[in-house]
Amino acid sequence: MSIAGASGLWKPHKQHLCLHQRSTGKKAGRRLTTTTPEGKFFFSVCRASSQRREVGVGVRGRKKADTDFDIVVVGAGIIGLTIANRILTTTNLSVAIVDAAQPCAGATGAGQGYLWMGHRNPRQKSWDLANRSKHLWEEFAMDLVASGLDPLSAIGWRNTGSLLVVNSGEEAQRMQAHVEELVGAGVHADYLPASAVREIEPALCLGDGGAALVPGDSQIDAALAVALLCKKNSAFHSQGRYMELLQAPVLQFSRSSTDGSIEVVHTPEHSIQCRRAVVMAAGAWSRSILATVAEEWALPIIPAVKPRKGHLLVLEGLPYLQLKHGLMEFEYTANYNPVQTPQFSHLLDSQEPDHLDFEISSQPTAAGVMHDEDFGVAMTASMDPSGHLLLGSSREFTGFDVGTRNEVLECIMRQASKFLPALADVSLQQAIGSGRVRTGLRPYVPDGTPLIGPVPGVPGLLLATGHEGSGLYLALGTAEMVVGMITGIEGPVNSTPYSPAGRLSF
């Protein structure tokens with residue numbers, strides 16, 4: 001059964017999307033070097049063939065499995081890597097990760113790295129998973145300390161706290177209600193008027209608005225976290241329990257004639273026998289991978305996941321603008337409480353063929369959000385460990401195009417300057433000249449709840465996708481949930497709200 005598209009975080013040229021595997025020009029078995037705070041480590045990479053291949057044509061009758069593992073994880077983003085790590089460290093099972101690109105090549109590496117509860121709604125379905133994930137990240141940081149590592153140098157861990165901000169009195173009232181909800185749900189949060197905010201964050205100007213201060217929120221460096229996870233996982237390679245197949249898109253699945261489970265996962269160079277389960281953690285690519293499978297198997301197993309692009313500006317050379325906390329405009333919460341307001345409805349529904357119910361919850365109006373006919377921007381700002389200012393954030397549906405758009409970047413700069421007046425005199429040309437731009441594709445689902453769990457009709461196939469902009473934050477909780485499903489050991493978070501059942505289509 002051929003797969004139209006690629007696994008994991010492949011970024012094909014838009015003219016070849018879901019048609020061709022691009023030539024790598026690399027030989028199989030290359031040994032890559034990754035530099036981490038602890039030094040250099042090596043891991044083996046089995047690369048795809050350098051010969052261009054048409055995906056979905058002539059792939060029947062491929063060779064039998066040449067290697068076998070208990071679990072095959074499709075996708076080497078933060079979700080796939082943490083699932084693999086959880087399997088390796090808590091069970092005796094073996095794991096192979098398959099990805100068409102490199103780790104941290106997609107949404108994970110393009111994001112700001114925040115681990116925040118302040119912008120979340122306690123009535124949201126994913127609240128318990130977020131709460132659990134925060135606890136697991138804090139445990140992860142403490143384990144680093146116990147092992148003699150500095151969390152700051154190891155994963156960029158900083159307990160900065162977060163400020164959810166508004167710049168009008170009307171919005172301030174909604175903010176106070178939001179803080180009350182957070183406190184009622186057990187989150188340490190305080191509402192601060194604009195004058196009090198200015199004392200702790202002098203660069204921030206909120207007019208007659210205010211902010212929700214959540215001192216327990218933290219930030220990490222996603223690239224460092226991924227490098228550390230790769231190193232930890234690679235330690236199991238010598239035991240024969242771990243393998244990474246990178247630059248290796250999934251081309252085909254072979255199913256059992258007995259129970260319909262996936263027996264073999266085929267890449268250009270390898271066919272991997274799967275003894276227990278296949279975990280689809282391919283982010284925004286999950287839908288395209290499973291679409292052809294659904295047609296050929298005559299099963300409704302396509303997840304309602306599609307790519308939603310975001311831009312992030314990374315600015316350097318601004319010593320006069322320093323932030324102690326992570327900042328987020330209150331309107332950004334619309335992305336975590338997907339109710340169709342007039343300003344955001346076109347972003348939520350654009351090109352979406354599936355008819356799914358939205359979770360109804362209170363949220364602010366989008367009066368402060370800058371938007372165009374095909375994109376929206378709400379301010380986020382933070383400092384990375386190197387002192388760079390990270391500015392976002394945009395939402396737009398552009399398929400798999402990851403190109404930058406100046407109009408979106410200009411909108412980000414204008415929106416940020418409303419809250420950070422020091423940016424008012426910085427032109428986009430200056431900003432880009434002194435920094436760089438990141439773009440990434442978030443795996444968006446209409447109801448805002450990730451798809452985590454078994455796929456009906458295909459025994460052993462699990463989904464772990466649809467985390468949108470929260471993949472980094474929810475990774476450890478998702479990994480715990482997935483491994484619990486594989487081992488049959490129920491975890492502390494009820495998995496029912498995340499079940500793919502009833503949320504899939506042909």
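Contact here means heavy atoms within 4.5 Å. The model is a predicted one, in which local features need pLDDT of at least 70 and side-chain atom pairs count only at pLDDT 80 or more, while totals for chains, interfaces and linings use all residues. Residues are numbered from 1 along each chain as its sequence is written, and side-chain values use heavy atoms, with hydrogens and water left out. Helices (H or I, at least four residues) and strands (E, at least two) are DSSP runs numbered from the N terminus. Buried stands for under 20% relative accessible area, exposed for over 50%, and partly exposed for what lies in between (1.4 Å probe, protein chains only).

**Strand E21 and leucine 389**

- Leucine 389 is part of strand E21, and its relative accessibility of 1% makes it buried.
- Not counting residues up to four places away in sequence, leucine 389 touches Leu313, Val314, Leu315, Leu318, Leu321, Leu323, Ala381, Ser382, Met383 and Leu423.
- Of these, leucine 315 is 74 residues from leucine 389 in sequence, with a C-alpha to C-alpha distance of 5.0 Å.
- E21 covers residues 389-395 and also holds serine 393; the peptide bond leading from glycine 392 to serine 393 is cis, with omega near 0 degrees.

- Glycine 403 sits in the loop between E21 and helix H10 (406-419), where a relative accessible area of 28% makes it partly exposed.
- With neighbours within four places in sequence left aside, glycine 403 is in contact with Lys309, His311 and Thr439.
- The C-alpha atoms of glycine 403 and threonine 439 are 7.3 Å apart, although the two are 36 residues apart in sequence.

**Helices H1 and H12**

- The axes of H1 (residues 78-90) and H12 (residues 471-487) come within 8 Å and cross at roughly 45 degrees; axes are lines fitted to C-alpha atoms, for helices over the stretch in contact, and angles run from 0 to 180 degrees between N-to-C directions.
- H1 and H12 are therefore oblique to each other, given that angles under 35 degrees count as roughly parallel, over 145 as roughly antiparallel, 65 to 115 as roughly perpendicular and the rest as oblique.
- On the H1 side the contact involves Ile78, Ile79, Thr82, Ile83, Arg86, Ile87 and Thr90, and on the H12 side Gly471, Leu472, Ala475, Leu476, Thr478, Ala479, Glu480, Val482, Val483 and Ile486.
- The residues of this contact comprise 11 nonpolar, four polar and two charged; Ala, Val, Leu, Ile, Met, Phe, Trp, Tyr, Cys and Pro count as nonpolar, Asp, Glu, Lys and Arg as charged, and the others, Gly among them, as polar.

**Strands E6 and E12**

- E6 (residues 95-98) and E12 pair in the parallel sense over four bridges, where pairing requires at least two bridges found by DSSP.
- Within this pair, isoleucine 97 stands opposite glutamate 244 of E12.
- E12 (residues 242-245) is covered on both faces, with Tyr242 and Glu244 buried on one side and Met243 and Leu245 buried on the other.
- In a regular strand, side chains alternate between the two faces of the sheet.

**Positive phi outside glycine**

- Alanine 298 has a positive phi, near 55 degrees, and belongs to the loop between helix H8 (286-297) and strand E16 (302-303).
- At 52% relative accessibility, alanine 298 is exposed.
- Glutamate 468 has a positive phi, near 50 degrees, and lies in the loop between strand E24 (461-465) and H12.
- Glutamate 468 is buried, at a relative accessible area of 11%.
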